[in-house]
Amino acid sequence: MSKILSFFKDSSPIKLMGISVLIVVLSYFIEKPLPNVFMGLRLVAFVLFLYGVMRLINRK
């Protein structure tokens, strides 16, 4: 768990936003068969994108 948290803390904001866009694109392929998983992936991508934008704005 600490490796995952350190990845998100140490990675660049652009990389985080790119990962969230990839999650959104991949989630479209499972929209019809698994709608709950689709919504969960969209929520994770949204939170990850916002975290990346906040880190980009607060960058010094």
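## Overall fold

Helices here are DSSP runs of H or I with at least four residues, and strands are runs of E with at least two. By that count, the chain has three helices and zero strands. The model is predicted. Along the sequence, the pattern reads α-α-α.

The C-alpha trace spans about 45 × 25 × 15 Å along its principal axes. The chain has 60 residues, and 17% of them are buried. Its accessible surface comes to about 4,800 Å². Carbon and sulfur atoms account for 73% of that surface.

Contacts also reach across the sequence. Take the contacts between residues at least 6 apart in sequence: 61% of them join residues at least 24 apart.

## Two serines in two helices

Start with S6. This serine sits in helix 1, which covers residues 2-10. The side chain of S6 reaches back to the backbone oxygen of K3, at 2.9 Å. S6 has a relative accessible area of 31%. That value lies between the 20% and 50% cut-offs, so S6 counts as partly exposed.

Now turn to S20. It belongs to helix 2, residues 13-27. A polar atom of the S20 side chain lies 2.7 Å from the backbone oxygen of M17. The relative accessible area of S20 is 2%. Buried means under 20%, so S20 is buried. Beyond its neighbours within four places in sequence, S20 is in contact with A45, L48 and F49.

Five side chains deserve a look together. V21, V25, L26, F29 and F49 make a nonpolar surface patch of about 510 Å². Helix 2 gives the most to this patch, with three residues.

F29 comes from a loop. That loop runs between helix 2 and helix 3, and helix 3 covers residues 35-57. F29 has a relative accessible area of 65%. The cut-off for exposed is over 50%, so F29 is exposed.

## Where to look

S6 is partly exposed at 31%. F29 is exposed at 65%. Find S20 in helix 2, S6 in helix 1 and F29 in the loop between helix 2 and helix 3.

Notes
Residues numbered from 1 in each chain as written. Predicted model: local features only at pLDDT ≥ 70, side-chain atom pairs only at ≥ 80, totals over all residues. Heavy atoms only, no water. Buried < 20%, exposed > 50% of the residue type's maximum accessible area, 1.4 Å probe, protein only. Contact = heavy atoms within 4.5 Å. Areas by Shrake-Rupley, 256 points an atom, 1.4 Å probe, with all protein chains shown as cover. Polar contact = N/O pair within 3.5 Å; in protein donor to acceptor, adjacent residues only side chain to side chain. Patch = residues over 30% accessible without salt bridge, like charges linked within 9 Å, V, L, I, M, F, W, Y side chains within 5 Å. Salt bridge = Lys/Arg side-chain N within 4 Å of Asp/Glu carboxyl O.
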